[in-house]
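Please have the sequence and the picture open while I talk.

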Amino acid sequence: MAWYIGRRLLQMVPVFLGATLLIYAMVFALPGDPVLALGGDRGLNPAVAEQIRAEFNLDKPFIVQYLLYLQGILTFDFGTTFSGRSVRDVMAEAFPVTFQLAVMALVFEAVLGVAAGLVAGLRKGRLFDATVLLVSLVVIAVPTFVIGFVLQFALGVQWRLLPPTVGGDVSFRTLLMPALVLGAVSLAYVLRLTRTSVAENLSADFVRTATAKGLSRPRVVTVHVLRNSLIPVITFLGADLGTLMGGAIVTEGIFNINGVGGTLYRAIQQGQAPTVVSLTTVLVVVYIVANLFVDLLYAALDPRIRYA
Amino acid sequence: MSHPITATTATGAPARSHGDTPLLQIRDLDVAFTTANGTVPAVRGANLTVYPGQTVAIVGESGSGKSTTAHAIIDLLPGTGKVTGGSIVFDGQDITHTGRREMVAIRGKQIGLVPQDPMSNLNPVWKIGYQVKEALKANGIATGSAADARVAELLAEAGLPDAERRAKQYPHEFSGGMRQRALIAIGLAARPKLLIADEPTSALDVTVQRTILDHLQGLTEELGTAVLFITHDLGLAAERAEHLVVMYRGQVVESGPARQILSAPRHPYTQRLVASAPSLASRRIQSAKERGLESAELLATTHGDGISPTRDVVVEVEHLTKVFTLRGGRPGSAKDFKAVDDVSFSIKRGTTMALVGESGSGKSTVANVVLNLLEPTSGTVRFDGTDLAGLGAKELFAFRRRVQPIFQNPYGSLDPMYSIFRTIEEPLRTHRIGDRRSREKKVRELLDMVALPQTTMRRYPNELSGGQRQRIAIARALALEPEVIVCDEAVSALDVLVQAQILTLLNDLQAELGLSYLFITHDLAVVRQIADEVCVMRSGRVVEAATTDEVFDDPREAYTRELLAAIPGAHLEVFGTPGEGLSA
């Protein structure tokens, strides 16, 4: 087990290097000169532009810029933005908000998705099952921003049940609606996955054997159907955490949240290589760690899987 | 088994050797499944009686309704299955349409179940001990640490060595036999009055099957448990039960004392079943042998007798060894596993060589090396004098044409998206033989050869039965007119009657086309019907190699004798000569 975790952590090194290099190269290749863009229509004094270039190492060749950036990371110096803020501060502001949002969305989709999926799977072909399938299909088909704006208008503006935007006031209450919107599509997938898995396990031989032992129906369902059905769902949820963190741009935009998505979007537009690369790299690391965690959880749920 | 045998009435009422009131009485039972096209009856008017402590066997092929009848008793019918008529009385109580809660109380405590496939019937995510303990807790037998102690006792009682430690393991750490023992422990945990054993050993090797059934029999006799034993194997049923119930297409066609049914079957279906049961096939060997002799004589007359012995041998395997490397977790912990260890044999043209062994004996690895699907680690395989190791791409292509496989599972070996025509035609097209018209003619001929109507061409595998699919697999193998066919457990997945038909077909084709077979099987009974020579394999090595007659009449090795003794029904000698049989 220790060997396995060690190997997986070691695998992160090449992934980290590859991801940073790739993203750095892509930002470098973006059209337009970010320094000139800073001056707007009037243009910058050539001497000032030169000075900015020197300060941000933009006058050096690509590979040198990259290596200098890597050197900084080793000392936890992620560089600075053009406006002079350190990228570390920017990340420290954006990540906690996004993380809280993603975890809330994840809990929401896991609890509701598994519960509704279980009931639908147990009553396959009945009214509840059909309704839930139809609703989940609609949720998957309708774009997130539509769901977002509709909920924002209905719950936030019309009925005033929840605050319509977040802004600077980050709390459980303000993030509740964005989390619902962010998790909605994944919820539909979790639900469908659980439903299929439950329906399949219900007809498994070992479930029949468990019934033949004299176990009551609730016990058969919780002990023998649910645990086995959760295995594929857990895999999905783990991979989804990474997606939720990086993919919250639309939701963050709708509800005016200063999270990773929005920050990243602005940084890309401005060609701020250190900010873009740093944010993305952290996302990559989060993704890898989440996947490792899922694999370990997978082994805990399914004893047939042993990492030696 | 020692109960006196008394006559039965024509209606099949069992011998009253037990004298008590029946424990289980099934009267005119109808079970039906609802499908999109209406209801399909699975059991029609079945009658069955089990007395306390008695063992009754239901015999029948797959789809005969034997498992459905058993599952109807404890309301475990799959899917849309429903009891539509008749009654089930257990211990004086009508349980035909009993409520869910009453049925939960009956299951496990009154009626236990030992299911068919030990691989799929234990939940893979819970420890064995926990799964046994559940049965104790649910039926109010024991809880807490008392239950843990009882679990170990039950597992030990079911014949599991080192039970306390084993209880803490997961199903995947158990072999098939051990899992079946755990399932027996579960089935008997609450000391039910009736145990339903649904093909409890059909997924296991013969030797394991025998020890487990011996153990189960001893245990149920000691506890006085009545057993309803379900099997497709008539020999096994006769050996294990006093009373047989033969089912065919949802109906009970015959029932009575085991020996009477075997020695004087009345219903035509039972007669066919008795005639073709592989485990009872001491007579069939003669006809199979005759065919072999005929083809040998034919060959002798056409070729004269001047064939040199080397050309007579079509496949030669010498000192074959295959080592697999098992990946270890940490660096350097990889292990070598010798699947095949110094195996040598040869197949004479027009004859059948059988490789016999239990699972894990390396017999399928040998088959894959002979088919050139695996590279040997060392040793040589020569086909018609040419070493397979030296073949280039072009020669290999030509070799593939001359050696064809037939695999075990006819459900898995046919592409479900291919029509039967396309399935059989594919090898012809791959090898660019003929044009479309001549290929179609060939496919028609092949279907004739395997005794399927030509209209089958337009159908798809899922529309055919297992036996029909295996015929398709044979037709596909024959399409390229190969010299050697490697049959890897080619009849193991089939019902006895179908199995007998396929074996006869293979025999006829051999005589007709001069084919050579490498026949891989775990079933010695099948060997007797088809093989000329036998290699018995164990743990990758050949322990005994001889002609089929020698192996059956005078086995030299203890292991071979063990395998022979394990053939179900081997010691029953009631067949053919009824009068004499009863004294056996």
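Let me begin with a question: which residues are buried in helix α15 of chain B? Before the reply, a word on the source: this is a predicted model, in which local features need pLDDT of at least 70 and side-chain atom pairs count only at pLDDT 80 or more, while totals for chains, interfaces and linings use all residues. Residues are numbered from 1 along each chain as its sequence is written, and chains are lettered from A and ligands numbered from 1 in the order in which they are written.

In α15(B), which runs over residues 420–430, the buried residues are I420(B), T423(B), I424(B), E425(B) and L428(B). Buried here means that 20 or more other C-beta atoms lie within 10 Å of the residue's own, with exposed set at 12 or fewer, partly exposed in between, and the C-beta atoms placed from the backbone. Helices are DSSP runs of H or I with at least four residues, and strands are runs of E with at least two, both numbered from the N terminus. Those buried residues of α15(B) pack against α16 (436–449) and α17 (466–478) of chain B, and just after α15(B) comes R432(B), with a positive phi of about 50°.

Staying with chain B, four strands make an open, antiparallel sheet in the order β2-β1-β4-β5, where two strands pair if DSSP finds at least two bridges between them. Because β2 (38–50) and β5 (93–94) of chain B stand at the edges with a single partner strand each, one side of each is left without a neighbour in the sheet. Strand β1(B), residues 24–35, pairs with β2(B) in the antiparallel sense over nine bridges, and V31(B) stands opposite V43(B) in β2(B).

From the record, the unreviewed UniProt entry annotates residues 26–274 and 315–564 of chain B as "domain: ABC transporter"; UniProt positions are given in the numbering used here, feature names are shortened, and annotations may be inferred rather than shown by experiment. In the model, residues 26–274 of chain B are 38% helix and 27% strand.

Turning to chain A, we find 13 helices and zero strands, and buried residues make up 32% of its 308 residues. The unreviewed UniProt entry gives "transmembrane region" for several spans of chain A, including residues 12–30 and 276–301. Residues 12–30 of chain A are 89% helix, with end C-alpha atoms 27 Å apart, whereas residues 276–301 of chain A are 100% helix, with end C-alpha atoms 37 Å apart.

L101(A) counts as buried because it has 27 C-beta neighbours inside 10 Å. Leaving aside residues up to four places away in sequence, the residues that L101(A) touches include L175(A), L182(A) and I257(A), a contact being two C-beta atoms, placed from the backbone, within 7 Å.

How many residues of chain A are in contact with chain B? There are 24, and they meet 27 residues of chain B. The elements of chain A that give two or more residues to this side are α1 (2–28), α9 (205–212) and α10 (217–246), and α9(A) gives the most, with seven residues.
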